Structures are given as structure tokens and as C-alpha cells.
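Subject: Structure for you to look at

Hi,

Here is the structure I promised to pass on. Please open it next to this email and follow along.

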Amino acid sequence: MRILRHMSSLLPGVRLVGLDYNPDTIAWAKNQPEFNGIELHRNDLRPPLPLPDGEIDAIYNLSVFTHLSDALHHAYIRDLQRCLAPGGILISTFQGDWYKSKLSPAELQLYEQGKIVVRDQVMEGKRGYAAFHPPAFVRRLLENWEILEHIESPDVAGLFQDVWVARKPA
């Protein structure tokens, strides 16, 4: 929602839809004037998203995959592909190499093998549930997409997450 709130002024006339699984976030956004004209919907932690098949031109998610299990990574990638129109663009962030220094030796060994590292001591989807994504894992996750760009750890909202831009095949 941090970025979406600015999009209606940047993209006048474009249909914008915001999704979050936290009902408090949706309730808060519905009471903020900068979200006027933006459709807001609550989704479940697990797919499917409340979006039509093949009608969305672009989807971005900021720090979403960073709080999901390996299984939900794959389920969401399939669902995002379902929602996007042919040739649609996906922009997603992942905790990549910038976060390697935060991993334990055992976690780092998995990461260096190209495997996702998940810290799951709290409920999935919560801030303390953390996933770390080696580039090899993300490339496999996006194997049915055309990867357009991989930007390593830019300072996007202070997150230093890798940005991956991919296109759904036409």
C-alpha cells in the first residue's frame, strides 16, 4: 500500500486494484483520501487472489514473497500468472544476496546451494516469518516467465530487496 497510494496521481485514468490479506490494512486504506478511486480487496493468505483470469496488465508486490513458505511461492507465482494478461508484467521483490550476512552458517549453506531459506517460527505471512531467496531459486521460480530485469538490492523503501521484473509469455 506504501506505493499504491501514489499511483492514482501518477497514472490518471488507469484502473488500480490493491490487495492485502490484513483486514486492518484494507480498512485503513479505505479511510485515506489518497486511495479514492482505487479498488481495495482483502485476499486470503493462500491463493487464489480475488482477480479475474488474464485481465491484469501489470502486478507489483513489495515484500510479499519475503513472508511466504516455499509452497506458497510456487502457488502465488501460478496464480499471478493466471491473473495477468498475455504479455503482462510482474514486478516482485525478494530478499537476495544483500541478506546473506544475516544467515546462520547452516542457512548460508542452503542459500549457496540455490535453495530458499525460510525462518518459520511465527505464523506465515507475518513480518517475523522470513524467506531468503538466492538468485538461482528465483530464476527457477520464474522459469515459465521471460525475466526482463534483476536489480540487486536497491534501496526501495529501506528494504534492500532484489527487484525482479518478468513478463508472462504471450
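E34 and R5 form a salt bridge, and their closest N and O atoms are 2.3 Å apart. A salt bridge here is a side-chain nitrogen of Lys or Arg within 4 Å of a carboxyl oxygen of Asp or Glu. The pair links distant parts of the chain: R5 is in helix α1, E34 is in the loop between α2 (23-30) and β2, and they are 29 residues apart. Helices (H or I, at least four residues) and strands (E, at least two) are DSSP runs, numbered from the N terminus. E34 is partly exposed, with a relative accessible area of 27%. R5 is partly exposed as well, at 25%. The cut-offs are these: buried is under 20% relative accessible area, exposed is over 50%, and partly exposed is in between (1.4 Å probe, protein chains only).

Before you go on, note that this is a predicted model: local features need pLDDT of at least 70, side-chain atom pairs count only at pLDDT 80 or more, and totals for chains, interfaces and linings use all residues. Residues are numbered from 1 along each chain as its sequence is written, and side-chain values use heavy atoms, without hydrogens and water.

Back to the salt bridges. The whole structure has 9 of them. One of them joins E39 and R15 at 2.8 Å, N to O. This pair also links distant parts of the chain: E39 is in strand β2, R15 is in the loop between α1 and β1, and 24 residues separate them. E39 is partly exposed at 30%, and R15 is partly exposed at 49%. Another bridge joins E112 and K100, with the closest N and O atoms 2.9 Å apart. E112 lies in helix α4 and K100 in the loop between β4 and α4, so the pair ties together parts 12 residues apart in sequence. Salt bridges that share partners also join D53, D79 and R82 into one network.

Next, the aromatic rings. Rings of Phe, Tyr and Trp (its six-membered ring) pair if their centres lie within 6.5 Å; planes under 30 degrees apart count as stacked, over 60 as edge-to-face and the rest as tilted. The count comes to 5 aromatic pairs. F65 and F94 are stacked, 5.0 Å centre to centre with 15° between the planes. F65 lies in the loop between β3 and α3 and F94 in strand β4 (residues 84-94), so the pair ties together parts 29 residues apart in sequence. F65 is buried at 1%. F94 is buried at 1%. Y99 and F132 make a tilted pair: 6.2 Å centre to centre, 50° between the planes. Both Y99 and F132 are buried. Ring pairs link W98, Y99, F132 and F160 into a cluster.

Now look at helix α3. It has 14 residues and reaches 20 Å from its first C-alpha to its last, close to the 20 Å expected at 1.5 Å a residue. That expected span is 1.5 Å times one less than the number of residues. Its buried residues include L72, Y76 and L80. Which elements do the buried residues of α3 pack against? They pack against β3, β4, β6 and α5 (135-141), where contact means heavy atoms within 4.5 Å.

Last, the backbone. The peptide bond from P47 to P48 is cis, with omega near 15°. P48 sits in the loop between β2 (39-42) and β3 (56-61). S63 is not a glycine, yet its phi is positive, near 55°.

Best wishes
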